[in-house]
Amino acid sequence: SYLGSSFAIIAPTIAASTSHGPSGALGGIVIVGALLILIGAVVHFAGIGWIESLMPPVVTGSIVALVGFNLAPAAKANFEEDAVTAAVVLVLLLLSLVVFRGLLGRLAIFTSVVIGYFEALARGKVDTSAIGAADWVGLPEFTTPTFLLSVLPMFIPVVMVLVVENIGHV
């Protein structure tokens with residue numbers, strides 16, 4: 001199906017950045033990506049039966065629910081900040097999930113947030129001053145990854161969380 005971004009990567013990235021700098025965190029992220037590619041290849045050839053036997057629906061469902069409960073305070077804060085936009089996004093999301101199938105159904109969160117952004121922009125709720133003040137052309141500061149064994153224990157669990165989140169969502 002897909003593996004999208006996850007909040008699971010934030011804590012180890014912050015910890016690795018604090019202890020080993022951005023290159024140490026980037027090394028951990030690259031390792032996570034490589035392991036996910038490896039798991040994807042195994043799933044492609046062997047199927048997902050081995051994952052389902054290691055992590056049955058009760059496990060994946062519980063983890064997805066736990067992730068949702070941990071994100072609930074952020075949703076509450078967003079709703080308190082702008083209830084109209086939050087309600088528009090929520091209604092669009094629910095309608096998208098019920099009405100659309102295929103790609104539009106899978107992109108329900110993305111499309112709802114994009115439409116909600118434009119709705120908030122139209123109502124003057126988005127501060128665009130930083131856009132006008134930004135340089136027209138620029139490059140980010142590039143950093144090469146540093147692969148350190150000491151960051152692996154922080155990042156390896158993220159691989160399992162991402163796999164569980166994906167299976168649980170699907």
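Start with helices α4 and α6, which are roughly antiparallel to each other (an angle over 145 degrees). This is a predicted model, where local features need pLDDT of at least 70, side-chain atom pairs count only at pLDDT 80 or more, and totals for chains, interfaces and linings use all residues. Residues are numbered from 1 along each chain as its sequence is written, and side-chain values use heavy atoms, without hydrogens and water.

**Stop 1: the helix pair.** Select 83-99 for α4 and 108-122 for α6. Helices here are DSSP runs (H or I, at least four residues), numbered from the N terminus. The two axes come within 8 Å and cross at roughly 150°. Axes are lines fitted to C-alpha atoms over the stretch in contact, with angles from 0 to 180 degrees between N-to-C directions. The crossing is right-handed, meaning that the near helix is turned clockwise from the far one by less than a right angle.

**Stop 2: Ser96.** Stay on α4 and pick Ser96. Is Ser96 buried or exposed? Ser96 is buried, at 8% relative accessible area; buried means under 20% with a 1.4 Å probe, protein chains only. Beyond four places in sequence, Ser96 contacts Gly105, Ala108, Thr111 and Ser112 (heavy atoms within 4.5 Å).

**Stop 3: the core.** Now select Val32, Leu36 and Val163, the residues with the most contacts inside the largest nonpolar core, which has 14 residues. Such a core joins buried Ala, Val, Leu, Ile, Met, Phe, Trp, Tyr and Cys residues through side-chain atoms within 4.5 Å. Helices α1 (10-46) and α8 (152-169) each supply at least two core residues. The largest share, six residues, comes from α8. Val32 touches Phe155 and Leu162, among others, leaving out residues up to four places away in sequence.

Terms used: Buried means under 20% relative accessible area, exposed over 50%, partly exposed in between (1.4 Å probe, protein chains only). Angles under 35 degrees count as roughly parallel, over 145 as roughly antiparallel, 65 to 115 as roughly perpendicular and the rest as oblique.
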